[in-house]
Amino acid sequence: MDADLFVYYDYAATEAQTFSLDEPSYFFSIYSPPRTEAAFKAARDRLEEDLRFASKMITNLCITLNEFPFIRYYMPTNHLPLGPLKPNAQTRAPPPQENSSRWRTQLARGSEARAYEAAETEFATRLLAFMVQNNLEEYKKMNPDFGKLDSSRPRGTLIITDRAMDMLAPLVHEFTYQAMANDLLRIENGTSYTYKFQSAVGAYEDKTAILSDADTVWTEVRHMHMREAIDKLMADFNKFLVDNAVFKGEGAANLNDMKEMLANLPQFQEQREKFSLHLSMAQDCMGIFERDKLPLIANVEQCCATGLNADNKTPKGLVEEMVPLLDSREVANMNKVRIVAMYIQYRDGVPDEDRRRLYQHARLTLAEQDAVNALVHLGVRISRAQTDKDRKNRFKHKPSNEEEYELSRFKPALRTVIEDHVADRLESSLFPYVRDAPSTVTQQVSSLRSPPPQTTSLRSQKPAWHRARQPNQVADNKQRIIVFVAGGMTYSEAREVYQLSSSLNKDIFIGSTHVTTPRGIVDDLKVLDLAGAGSKAIPNGLRDVKGGQRPWQAWYDEKYYTQDAAPPPPRQQPSGGRPQVPSKIIQPSPTPSYQSQSNYSMPQHEVKEKKKKRGLFGF
């Protein structure tokens, strides 16, 4: 069987418009600095191997969608390559001779100089983008019909960026339902939540619910602000009461009313469970919101993240608001770490003495201080001298003309990137194209192409994993934008993708190596200098690389193959007893003539033994 038929679905379509490679260890592979100069070569080999497999999975996504996209990638301007890609004598080309001719143009500088300088532009995003481009071109050679456009869908674009582009989004407190719940509540992998459910007899029991697109209540409210989500839940609940004539009189006016009424609906089990789940989540979120002083914390965070106060002016007295929160014992240290990290980014670095005082006010542990210090490995300037100049912020917050909540003014940088790309104002120096860029000519040519032939082949069929098509539904031919964030994406970035899909009339998808939360990113930063040792993703740290790059099969075996359990040890013979003589196993002849003529029936225990010896695929 052709191996290509197996590998297209090695990514996880986690939601209607999101996907994940389920590789949280790549965060450490990309950003963890090698501990010694001699370790750079092995660390780079490991990173290139990880990027190679990531590129394969992104390629498989494009093949699944029958999309051969233009590819753009993030090229930072405010820092050099990070982690194992940091320019180093072990990995970069040797410098040109000192007495060589003066450099004026690319040609005059010579190949040695260009090779030496290339190390300063070898970002992980660039390497990954070129790998995906090469994969797609190789597939196109073998499958000429791949990516052919129909007359109404323009060619899409794949935008590859990384977590270092925006280190504010993973830290700021979000107050839309999904992002807030995954920040404040213990939700396993963003989908599994255990809560107290009141049964029909009135007793409370632990119940685990799965948050997925199958839950229509969840999909309707997950990107709403918590205030709006609660109002929506109560309105839907009251409508449900009216439609089913369950109660007479007024409906639920608040969450407590909902809770009492739900206890009296034993005949509507499914609806009770859905409403009870989201009632519990909303109540728990609002309880933590008040208990942990999040209104005060979020106000400081919004000023740091946007650089503006609620009146769209430069914040004054920010330190005076921040220091009492750092001093307070009622504020959790996790929130203090987030405040300090965001303040340092707002100031584009602070003097070392000021940073030490912030740690002292907050009473941060050494591990928590390590988390803030580790921001430097993601391109953040944490230390600043008096002579250092301000660096240009390419994603400066733009005040919105729309009405918005004061504590939700910040928008992730990814929103600006997508909007600017669609408006054709995204700088090509910041997000260059790998090969060709879309132009008026190519768009006209592509519009004249005929639709690809309809076929049932896995290679050429247009799958629709991202949506469930309704009967008699008109085909949706919106232009696609696929965003990939190496190093972890946030729920706030996923929310922006859904909202921009609607406002820009595009099919926008977002994926990443994994989905991260504020707690998750802080915990990972604590052990970033330790190559992930002690982290949830890789408790033993990054793997050692020996013998060069592994073949595809070795990687797939490590990721998906489960080793069979060892056979039980033989039974101990009782002392002084007669040793048992193992019975001779009669093996049938392998020849077909014997199998067709013999009436021999294999004993049952031998059949079981035979089954145990079957391999992974049953032969």
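1. Helices (H or I, at least four residues) and strands (E, at least two) are taken here as DSSP runs, numbered from the N terminus. On that basis aspartate 424 is found in the loop between α15 (413-422) and α16 (440-448). Its phi is positive, about 60°, although aspartate 424 is not a glycine. Aspartate 424 counts as exposed, at 70% relative accessibility; the classes used are buried for under 20% relative accessible area, exposed for over 50%, and partly exposed in between (1.4 Å probe, protein chains only).

2. On provenance, this is a predicted model, in which local features need pLDDT of at least 70 and side-chain atom pairs count only at pLDDT 80 or more, while totals for chains, interfaces and linings use all residues. Residues are numbered from 1 along each chain as its sequence is written, and side-chain values use heavy atoms, with hydrogens and water left out.

3. Overall, the protein chain contains 21 helices and seven strands. Of its 619 residues, 45% are buried. Among contacts (heavy atoms within 4.5 Å) with a separation of 6 or more, 77% are made by residues 24 or more positions apart. The accessible surface, from the Shrake-Rupley method with a 1.4 Å probe and with only the protein chains shown counting as cover for residues, comes to about 33500 Å². Carbon and sulfur atoms hold 51% of that surface.

4. A further positive phi in a residue other than glycine occurs at arginine 363, with a value near 55°. Arginine 363 sits in the loop between α13 (352-362) and α14 (366-373). The residue is partly exposed, its relative accessible area being 34%.

5. Helix α17 (residues 491-504) has 14 residues and reaches 20 Å from its first C-alpha to its last, close to the expected 20 Å; the expected span is 1.5 Å times one less than the number of residues. In α17, 10 of the 14 residues are buried, so the helix is largely enclosed by the rest of the structure. Those buried residues pack against β1 (18-20), α5 (177-184), α15 and β7 (507-512). After α17 comes asparagine 505, with a positive phi near 60°.

6. Glutamate 496 lies within α17 and is buried, with a relative accessible area of 2%. Its side chain is joined to that of arginine 495 by a polar contact of 2.8 Å. Such a contact is a pair of N or O atoms within 3.5 Å; within protein, one must be able to donate a hydrogen and the other to accept it, and residues adjacent in sequence count only if both atoms are side-chain atoms. Not counting residues up to four places away in sequence, glutamate 496 touches Lys411, Pro412 and Arg415.

7. Helix α10 (residues 294-306) has 13 residues and spans 17 Å from its first C-alpha to its last, close to the 18 Å expected. Since 10 of its 13 residues are buried, α10 is largely enclosed by the rest of the structure. The buried set includes Glu301, Gln302, Cys303 and Cys304. Glycine 307 follows α10, and its phi is positive, near 75°.

8. Regarding the cysteines, the structure holds zero disulfides, a disulfide being a pair of cysteine sulfur atoms within 2.5 Å. Cysteine 304 is in no disulfide; its nearest cysteine sulfur, that of cysteine 303, is 6.9 Å away. Cysteine 304 counts as buried, at 4% relative accessibility. Cysteine 285 is also buried, with a relative accessible area of 0%.
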